[in-house]
Amino acid sequence: MSKKVGTMLGIGAAMLAGQPAFAEPLPFPEGPEGTVALAETGDVLLVPYYTTESGNETYINVVNTTDQFKALKVRFREARGSEDSLDFHVYMSPEDAWTAALTQDRDGVPTLVTGNSTCTFGRVGANADSSAAKVRTTYIDEVIAELAEYDLEYAGPAPADRVREGYVEIIEMATLVGDVDQEGSLIHYIKHEEGEPRDCRAVAELNRQNPELSALEPGDGEGTHASLTISDLNDGDPIQTRFGNRNGGLFGSAALINVESATYIPMHMAVLDTSGFGDSPLFFAQSAAREESLAAFTADRGLVLNKDGGLQYWDLPDLSTTSPIFMGPEGAGDAPDVKADAVSLALRAAQLANEFLVDPALNAATDWVVTLPTKRFYVTGEGLDEEGVASSNSEGTGAPRVSNGAPFFTEPFDYVSAQ
């Protein structure tokens with residue numbers, strides 16, 4: 001959830017400029033030492049703002065600095081309620097870069113385009129080359145339908161308007177282990193050869209398995225985890241995919257570009273190192289298969305409003321996912337809530353300070369965008385009251401609080417007004 005305001009108490013902040021705003025740390029209790037920290041390279045990237053309004057386009061670049069193959073989750077969230085508006089997987093080769101741009105089609109729908117050949121899977125297709133994946137209003141529409149069941153009429157902005165701006169999460173799910181020279185290994189197919197992956201159909205086969213949690217069990221040796229075996233693309237040996245531990249090493253950049261007004265506005269992309277929670281894989285298939293036990297891996301209680309009581313594999317991982325899916329729901333406990341708290345603590349700020357310029361003679365103006373990427377975990381509840389306001393996630397009354405008592409937010413989300 002983002003706010004376009006001049007001053008704002010928030011846990012994540014960015015100005016539309018080359019450098020981030022000065023932020024004064026909050027005097028809140030610290031989380032477990034070393035759990036989540038801001039870093040130069042890491043396993044989570046946060047693009048603070050995307051927009052296709054007023055002729056703007058949003059450009060995103062992600063770089064893998066390591067010698068490992070990686071599977072990433074990319075998720076666009078609209079600004080009002082942080083509803084998922086576009087999500088997919090990116091499968092990166094060592095020292096690979098993935099680039100894309102969010103533009104607007106002739107019907108006004110935000111659309112992701114790229115000339116990059118890196119393998120992806122989801123609504124972007126086998127690879128995202130000029131795939132024109134459209135940002136969707138599906139989850140917002142489902143919330144509106146849920147309100148109608150409460151005899152409440154939605155009074156917020158039109159869903160099509162809501163998805164035109166928001167922010168982006170990029171989460172490393174796993175490294176991919178195998179013999180790159182062995183046909184039948186997943187990394188053999190996604191490895192670039194003369195600038196192109198050998199065959200991106202392999203990632204589609206991987207994700208169409210709709211795996212059960214019980215099928216994913218810890219492996220042995222070098223921290224890798226045995227995973228899925230799929231039929232070889234050429235009817236040869238099966239493809240065995242092993243997911244290795246996440247090891248970070250990601251960084252990126254983002255910018256708003258407006259060709260008509262000849263403006264280029266770089267954005268500071270926040271980089272998080274979450275290795276304090278362990279570096280085990282967090283791979284979830286980009287699949288519509290549902291599994292009740294998936295709820296153990298997220299603190300997002302608001303999903304019960306737009307998922308009809310059931311998560312799907314493509315809903316995960318998110319910024320609260322802690323325990324790897326290979327461990328199963330047993331023992332996950334309160335881990336998702338703990339990680340959401342730790343991410344909030346890493347991004348927290350009590351005050352924002354930065355320069356601004358307003359000069360009518362130069363047609364100069366300054367926009368501040370404050371992004372709150374964990375707000376959803378605290379202000380969306382497991383149901384609605386008679387006014388359409390989210391019920392509390394914590395005991396007692398009022399808005400949910402983090403487990404260590406830090407009151408990041410004081411009001412639950414109002415689904416009727418979307419604020």
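Strand β6 (residues 57-64) runs antiparallel to strand β9 (residues 97-104), and six bridges join the two.

The β6 and β9 strands belong to an open sheet of six strands, ordered β12-β10-β9-β6-β18-β19 with antiparallel pairing. At its edges stand β12 (133-134) and β19 (263-267); each has a single partner strand, so one side of each lacks a neighbour in the sheet. As background, strands of a sheet pair through backbone hydrogen bonds, in either a parallel or an antiparallel sense.

The average pLDDT of the chain is 78, and 74% of the residues score at least 70. Strand β6 has the highest confidence, at a mean of 97, while strand β2 (residues 14-15) has the lowest, at 38.

| Stretch | pLDDT | Contacts beyond near neighbours in sequence |
|---|---|---|
| Residues 126-130 | below 50 | 16 contacts |
| Residues 326-334 | below 50 | 14 contacts |

Where pLDDT is low, the predicted coordinates should not be read in detail.

**The chain as a whole**

The chain holds seven helices and 22 strands. Of its 419 residues, 54% are buried.

**Inside the protein**

Which residues touch the most other members of the largest nonpolar core? They are L46, L147, L272, Y378 and Y415, in a core of 34 residues. Two or more residues of this core come from each of β5 (44-51), α1 (138-149), β20 (270-273), α6 (335-347), β22 (368-371) and α7 (376-379). Helix α6 gives the largest share, six residues.

Beyond its neighbours within four places in sequence, L272 contacts V36, A37, L38, G42, D43, V44, L46, V343, A346 and L347. One of these partners, L46, is also listed among the core residues that touch the most other members.

A separate core lies apart from this one and has 30 residues, including V74, L112, I140 and V163.

How values were computed: Residues are numbered from 1 along each chain as its sequence is written. This is a predicted model: local features need pLDDT of at least 70, side-chain atom pairs count only at pLDDT 80 or more; totals for chains, interfaces and linings use all residues. Side-chain values use heavy atoms; hydrogens and water are left out. Two strands pair if DSSP finds at least two bridges between them. Helices (H or I, at least four residues) and strands (E, at least two) are DSSP runs, numbered from the N terminus. pLDDT is the predictor's confidence in each residue, from 0 to 100. Contact means heavy atoms within 4.5 Å. Buried means under 20% relative accessible area, exposed over 50%, partly exposed in between (1.4 Å probe, protein chains only). A nonpolar core is a set of buried Ala, Val, Leu, Ile, Met, Phe, Trp, Tyr and Cys residues joined through side-chain atoms within 4.5 Å.
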